[in-house]
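I opened a new structure today and kept a few notes as I went. Here is what I looked at.

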Amino acid sequence: MLLELHVRNLALIERADVEFGEGLNILTGETGSGKSIFMGSVNMALGGKVPRDMVRKGAEYAYIELIFSVDRDKAAILREMGVSPDEDGTLIISRKILPSRSVSRINDETVTLGRLREITGLLLDIHGQHEHQSLLYKSKHLEILDSFAGAERLERRLGEEYRRYCGLAEAAESFCADEETRRRETDFLRFEVDEIEAAALKPGEEEELNRSYRRFMGSRKIVEALSAAYQAVTAVDVGEARKGVERAAEYEEELEKLKDQLFDAEAILSDVAHEISSYLDNMVFDEEEFHRVEERLDVIHGLEAKYGPDEEAVARALEERKKRLLELENYDLLKQRAERELEESRERLERLCGELSDLRRRAAGGLAERIRESLLDLNFLDVEFEIAFRRLEKYTAHGYDEVEFMISTNPGESAKPLGMVASGGELSRIMLAIKTVLADTDQIPTLIFDEIDTGISGRTAQKVSEKLAVISGSRQVICITHLPQIAAMADFHFEMAKEPKDAKTVTTIRRLDGEQEIVELARLLGGAEITGAVLQNAREMKALAEQTRGRAREKARSRESGNN
């Protein structure tokens, strides 16, 4: 069950800490008090979509934490799925919501949203405000029936075979070209295969050729630069300059120093010219090899322009064309094989669809009767409930069945499709009945109902409250409501409210005790003005609800013992 909920900096919630209990937990509050934010926080913690601007203004991030307690059987299932609750059965699920991303964790281990939803689906089931509208769709009827029938494993096998069948059908459809078209394609593919194979590309060849090409281009530039440097050095006539200075030094001793400098310069330039000449003599530039590298690179680049951006892509293109060429050359044989494999897959798919359909039909009667009984408990005075089957013309990933819930709420009238008969309030009660039946099947420990009372009042509301009391006798129920009949049944009653704080509005949630609970019931009964009579009415309603709750749960236990 869900032990605690902790919320930080989410929309109007600055801080909320709630400790839930066993049985029926009720949340009430004025319209706009933040009940939808509460539901949203739980949904987000379980991997739901995060709406924009959910982080409270001024906060760096929002944080939601759910603390569960799981029994030994559930803990064993979780361990098989790679999740290990603590020794006392505690499991902590959290989600940190940042402006640009979110991080989800199970017991401090980061998990994907898909993984999170897979795990939490075993712990908690949420019925949102508008989920009952999904009953208008036949696909939802099939989903409910499969859940009741325990068809998950068979459906997975069927889904795998269906995907295989679709792939084989697509392959078989590819064998539809006429002979002339096949001949033209064969000739063109053979040309492309010959072109690529003639090039005889080797792994890493392009990279090696590029290195050689860069070296050749560097060598050519070195030769050109050194040749220019040699010409410049040898063009300088330092010897003639030295002779001129020597003649002048005969008349001026101070020029002797300059004469020595020119003598050194002449020796240096001579050495430089010699070094450049030696380097040029030792350099080898193979013009023929350079052209070979250029031509080979042109071939490779040409293939890459046609078949892919690199050598690996060209190699893949060759294998693809050879494979297709082989198919065309063995067209008739491969076509027969594809048709045979498709037929074999169709037969397996037909068999699995039949097995799943049989399972559904066996379960349909029991589900319909359980739902009918539950609807009678919810103030449907005279109701018939059936599940109709129709075979689809094509296979689907869910088999070939189309199922539809049929209902009659008036004596003497035949059952008609649910969407044609049920009102909004009736749909809400029907979904509650279905949730009740499925809860007994899947043993999910915590159920959350968000305004399951939509469209109902009076005696019907009382019946819904009794049904919630029965369900909460064997599992934890958390319910958001605005009806006093339901709120009075609470084992634990919480109030949500908006309050001003530091020039801001915040949403708070608190558990009500004793007189506080009576006052909240009086508000639900009497509106803005709470008189003494309304308070007395609230006390009587609470006392009566506690008696009714006890009787309803005892009756349910007796019925369960009798069934066992």
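Cys353 is in no disulfide either, with the sulfur of Cys166 as its nearest at 11 Å. For the cut-off, I used a pair of cysteine sulfur atoms within 2.5 Å as a disulfide. A disulfide is a covalent bond between the sulfur atoms of two cysteines. Across the structure I count zero disulfides.

Cys166 is partly exposed at 32% relative accessibility, while Cys353 is buried with a relative accessible area of 1%. My scale, with a 1.4 Å probe and protein chains only, is buried under 20% relative accessible area, exposed over 50%, and partly exposed in between.

**What I am working with**

This is a predicted model, so I noted the limits: local features need pLDDT of at least 70, side-chain atom pairs count only at pLDDT 80 or more, and totals for chains, interfaces and linings use all residues. Residues are numbered from 1 along each chain as its sequence is written, and side-chain values use heavy atoms, leaving out hydrogens and water.

**The whole chain**

I find 18 helices and 15 strands in the protein chain; these are DSSP runs numbered from the N terminus, helices being H or I of at least four residues and strands E of at least two. How spread out is the chain? Its radius of gyration is 42 Å, well over the 24 Å that the globule rule gives for 564 residues, so the chain is more spread out than a compact globule. (That radius is taken over C-alpha atoms, and the rule is 2.2 Å times the number of residues to the power 0.38.) The C-alpha atoms fill a box of roughly 140 × 80 × 45 Å along the principal axes.

I also looked at burial and contacts. Of the 564 residues, 43% count as buried. Taking contact as heavy atoms within 4.5 Å, I see that 71% of the contacts between residues at least 6 apart in sequence join residues at least 24 apart.

**Helix H1**

Helix H1 covers residues 35–45, and nine of its 11 residues are buried. Among them are Ile37, Phe38, Met39 and Val42. I picked out Ser41, which is found in H1 and is buried with a relative accessible area of 0%. What does Ser41 touch, leaving aside residues up to four places away in sequence? I get Leu5, Val7, Leu10 and Ile64. Just after H1, Gly47 takes a positive phi of about 105°.

Next I looked up Ile196, in helix H6 (residues 179–199). Ile196 is buried, with a relative accessible area of 4%. Not counting residues up to four places away in sequence, Ile196 touches Leu303, Tyr307, Val314 and Leu318.

My last stop was Glu205, in helix H7 (residues 205–235). Buried or exposed, I wondered about Glu205? At 16% relative accessibility, Glu205 counts as buried. Its contacts, with residues up to four places away in sequence again not counted, are Ala200, Arg296, Ile300 and Glu311.
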